Amino acid sequence: MPFARRFDRSRRCGPHKRVLIEMGVSEAATPSTRLPALDAIRAAALLLGIVLHASLSFVPGIGTELWPMSDIHKSTVLSVTMFVIHIFRMSVFFFVAGLLARAVLERRGNSAFWRDRTRRIAVPLVVGWVVCFPLIVGIVMWALSRANGGTLPSPLPAALVESGLNLLHLWFLYVLLWLYAISIALRTLLRAADRRGSIRRFIDRALGVLVSTHVGTLVLAVPIAAALFFIKDWNRWAGIPTPGYTVVPPAASLFIYCYVFMMGWAFDRQRHLLKVLAQHWPVNFALGLVATLYCISTAGADPSLVVAQTSSERLLYTVAYAVALMGWTLAFVGAGIRFFAKPHPVIRYVADASYWMYIAHLPLVMALQTTVMLADVHWSIKYLFINIVCVGLLLATYHFWVRSTWVGRLLNGRKYSSI
C-alpha cells in the first residue's frame, strides 16, 4: 500500500487502529490483535535465559553451593553479561505476558482463559518439573564427582541436601499463575468500584503522559525502587530475589513482577503507546545503560554477598537498579516493536520454539557445562560450544519431536504439520 494512502487511512481512525495500520496490521484489527513483535520479544527474553544459565559455570565467586558446575576458567566478561541480563530479562517477559493475558481474556472470557492457562502454563510446569528435577539431580552429582576426582565429596554441600521447595528454572510459570489470579481479581474489583470507568481513564491518561516523556521512565521506576529498598539484607548483586523456593512468592519479588505485568496489561488497553515506546527506545536504553554502569561500579563486576551498609548508599543503589530495570525493559520492548513489526517465518518459528527450548534447556546446559568444565581451553570457546550445541539440539528436538505433536499443541496452542 502506498505510504500516502496508508497515512490518509490512519488519520481517519482512532489512535489504537492508527498504530496498528502503521505497524502493518489490518485496519479492521481489534484491541486483541496479535502483533508479531510481541512474540519475538517474549522469545528473546526466554532465549536470554539460556545465555544467562550457560554463563554461570564461568562466573567468578559462584561456588558449588549456588551452582555445582564450576569451570576451571572464569570470566569477568560473562559475570557482567549475566548481571545485565538478570536486570531486565524477566521483567520484559512479564510485561509481554501481562499484555497478552489481557488480550486473551478479552477475547475468550474468564472460563476459556483459565482452561487455556491450565493447559499451557500449569501442565508444562508440573510435567516439566517432574522430568527436569531427577535429570538435574543426576547431573549435579556427576559434576560434583568430576570436580572431586571421581568421587562424591563428603559431606555434600548443605544447599544440595536441604529440603524445601525448588521450582528450578520453571518458577516463572508458577509466578504467572499468581499474576493471572491477582490481575483478574483486581480487574473484577475495579470494574465493581469504577462502573463509569473514570479510574481506568485516569490510569490510561497517566500512563500515556509518562510513556510520552523522557522523565516518565524515572517515575515508573519509583515503585520498584521502593520494593527493593525494603528487602531485608538485600544482596545488591543478585537483583530481584528469585521467587522459586516458597509456596507464597516473596512479597517484594511478587510486587515487582506484578507491577510490570500490570503495566503490560495497561498497554493492551492502549496499544498505540507501543509506537511511543518504539520511538523512545534509544532514550530508555541510555537511561538503563547509565544506571547499570553505576550499579556495576558500586556492586562490583563479580558476584559479591555484600549488602549496602548505609541508608543513603542503599537508597542510591536501589533507585539506580530500578531505573536500570525499567529503562532496559521499555527499551527492549520498544526496540522489538521498532525492528520486528513485520511478520517473518524464521522469527515466527523461533518464537514458537522458544517456550519448549526454555523449559527443556537447563539439564542440557548443565550437562554440557559438566562435560567441558575441566578442559584446559579458553572460556570463550567453551561458552560458545555450550550455547551452540544446546540451541542446536533444542531446535532439533522441537522440530522432530515437539512441533507437530501433542506437546507442540500443548505449548503453542496449535499443532503444526510435520511437513
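I take helices as DSSP runs of H or I with at least four residues, numbered from the N terminus. With that settled, I looked up Asp233, which sits in the loop between α10 (222-229) and α11. The model I am reading is predicted.

**Entry 1: positive phi**

Asp233 is not a glycine, yet its phi is positive, about 55°. I note that most residues other than glycine have a negative phi. Is Asp233 buried or exposed? Its relative accessibility is 57%, so it counts as exposed, the cut-off being over 50%.

I then checked Leu168, in the loop between α6 (158-161) and α7. Its phi is near 55°, again positive in a residue other than glycine. Leu168 has a relative accessible area of 14%. That is under 20%, so Leu168 is buried.

**Entry 2: α7 against α11**

Next I looked at helix α7 (residues 171-193) and helix α11 (residues 251-269). Their axes come within 10 Å and cross at roughly 60°. I therefore log α7 and α11 as oblique to each other. The crossing of α7 past α11 is right-handed.

Which residues make the contact? From α7 I listed Trp171, Leu176, Trp178, Leu179, Tyr180, Ile182, Ser183 and Arg187. From α11 I listed Leu254, Tyr257, Cys258, Phe261, Met262 and Trp265. By class, I have twelve nonpolar residues, one polar and one charged.

**Entry 3: Leu179**

I picked Leu179 out of helix α7. Its relative accessibility is 0%, so it counts as buried. Leaving aside neighbours within four places in sequence, Leu179 is in contact with Phe94, Leu254, Tyr257, Cys258 and Phe261. I also checked Leu179 against Ala97. The two are 82 residues apart in sequence, but their C-alpha atoms are 9.6 Å apart in space.

**Entry 4: Ser91**

Ser91 lies in helix α4. I read a relative accessible area of 1% for Ser91, so I call it buried. What does Ser91 touch, not counting residues up to four places away in sequence? I found Tyr257, Val260, Leu325 and Thr329. Tyr257 is also on the contact list of Leu179.

**Entry 5: α15**

Last, I checked the length of helix α15 (residues 379-402). Its 24 residues, at 1.5 Å a residue, should span 34 Å. The end C-alpha atoms are 32 Å apart, which agrees.

I listed the buried residues of α15: Trp379, Lys382, Tyr383, Ile386, Asn387, Cys390, Leu394, Thr397, Tyr398 and Val402. Their cover includes α3 (36-55), α4 (76-108), α14 (345-372) and α16 (406-412).

Technical notes: Residues are numbered from 1 along each chain as its sequence is written. This is a predicted model: local features need pLDDT of at least 70, side-chain atom pairs count only at pLDDT 80 or more; totals for chains, interfaces and linings use all residues. Side-chain values use heavy atoms; hydrogens and water are left out. Helices (H or I, at least four residues) and strands (E, at least two) are DSSP runs, numbered from the N terminus. The expected span of a helix is 1.5 Å times one less than its number of residues. Buried means under 20% relative accessible area, exposed over 50%, partly exposed in between (1.4 Å probe, protein chains only). Contact means heavy atoms within 4.5 Å. Axes are lines fitted to C-alpha atoms, for helices over the stretch in contact, and angles run from 0 to 180 degrees between N-to-C directions. Angles under 35 degrees count as roughly parallel, over 145 as roughly antiparallel, 65 to 115 as roughly perpendicular and the rest as oblique. A crossing is left-handed if the near helix is turned anticlockwise from the far one by less than a right angle, and right-handed if clockwise. Ala, Val, Leu, Ile, Met, Phe, Trp, Tyr, Cys and Pro count as nonpolar, Asp, Glu, Lys and Arg as charged, and the others, Gly among them, as polar.
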